[in-house]
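Subject: Model handed over, with notes

Dear colleague,

Here is the model we spoke of handing over, followed by my notes on it. Please read the notes with the structure open beside them.

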Amino acid sequence: MATDVDGRAARLEYATIGWNAAEAVVALVAGTVASSVALVGFGLDSVIEVSAAFVVLWELRGAPEHRERQAMRAIGASFFALALYVAVTALRDLLTGAHPDTSAVGMVVTALSLLVMPWLARRKHKVGHELHMPTLIADSAQTRLCAYLSAATLAGLALNAIAGWWWADPLAAMVVAGLALNEGREAWSGDHRC
């Protein structure tokens, strides 16, 4: 039974790596082209997701338990860095009135993420509890954050595209920063209330 659970955990992490690697490339390119700080922040979150998935796979392969805490803190530090970058860039865009272009590609990738990420988060959370594996539970929180980030980013992109509210993009980015800060705190402290 444990082997089956371990196999399920590894498959979930491989799915996370595959999805988020593709999502990161699309979001970072589309965000850069459109000058969308929210979409770039979303893409950077996808990079963190890939890194966290590799940490969990490393643990599944028998990493020492004392390393688990270090891995969780590395996940938290990544979120703190993401929050800082996105908040500073979003504030700059708000103050300078930087108008992002519309990004149909960005709206599609964030909408698809709204379908994929909640499912992955629920599965990781369940398997993490079955394995008594806090790193996988922390990773499920990151995946859950990605779903929230998808919704906030999609809202900002859509309001910019449909209503011409350029400021919706940096405001969505501020939501991204706030969520990243909260998830960083939870991963750093080991507080995983999912």
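How far apart are the mean positions of the positive and negative charges of the chain? The 14 positive and 17 negative charges have mean positions that lie 4 Å apart, where Lys and Arg count as positive, Asp and Glu count as negative, and His and the chain ends are not counted. The place of each charge is taken as NZ of Lys, CZ of Arg, CG of Asp or CD of Glu.

Some conventions come before the rest. This is a predicted model, in which local features need pLDDT of at least 70 and side-chain atom pairs count only at pLDDT 80 or more, whereas totals for chains, interfaces and linings use all residues. Residues are numbered from 1 along each chain as its sequence is written, and side-chain values use heavy atoms, with hydrogens and water left out.

The chain as a whole

The chain has six helices and zero strands, and from the N terminus on its elements run α-α-α-α-α-α; helices (H or I, at least four residues) and strands (E, at least two) are DSSP runs, numbered from the N terminus. The radius of gyration of the chain, 17 Å, agrees with the value near 16 Å that a compact globule of 194 residues would have; the radius is taken over C-alpha atoms, and the globule rule is 2.2 Å times the number of residues to the power 0.38. Along the principal axes, the C-alpha trace spans about 55 × 25 × 25 Å.

Of the 194 residues, 48% are buried, with buried meaning under 20% relative accessible area, exposed over 50%, and partly exposed in between (1.4 Å probe, protein chains only). The accessible surface comes to about 8,700 Å², and carbon and sulfur atoms hold 69% of that area; such areas come from the Shrake-Rupley method with a 1.4 Å probe, and for residues only the protein chains shown count as cover. Among the contacts (heavy atoms within 4.5 Å) with a separation of 6 or more, 81% are between residues 24 or more positions apart.

Two residues of helix α1

T16 lies in helix α1, which covers residues 2-34, and T16 counts as buried because its relative accessibility is 0%. Its side chain makes a polar contact of 2.7 Å with the side chain of K124. A polar contact is a pair of N or O atoms within 3.5 Å; within protein, one must be able to donate a hydrogen and the other to accept it, and residues adjacent in sequence count only if both atoms are side-chain atoms. Once neighbours within four places in sequence are left aside, T16 is in contact with A21, E49, A53, L120 and K124.

L28 is also placed in helix α1, but L28 is partly exposed, because its relative accessible area is 25%. Not counting residues up to four places away in sequence, L28 touches V40, G43, L44 and V47. The C-alpha atoms of L28 and A172, which are 144 residues apart along the chain, are separated by 16 Å.

Is S103 buried or exposed? At 5% relative accessibility S103 counts as buried, whereas D101, with a relative accessible area of 47%, is partly exposed.

With neighbours within four places in sequence left aside, D101 is in contact with V33, A34 and N160, T102 with A34, N160 and A161, and S103 with A30, A34 and L39. As for distances between C-alpha atoms, D101 and A30 are 10.0 Å apart in space and 71 residues apart in sequence, while T102 and L159 are separated by 9.4 Å and by 57 residues along the chain.

Two positive phi values

Most residues other than glycine have a negative phi. In this model, S35, a residue other than glycine, has a positive phi near 55°; S35 is found in the loop between α1 and α2 (37-60) and counts as partly exposed at 45% relative accessibility. H132, likewise not a glycine, has a positive phi near 55°, and its place is in the loop between α4 (104-131) and α5 (134-163). With a relative accessibility of 71%, H132 counts as exposed.
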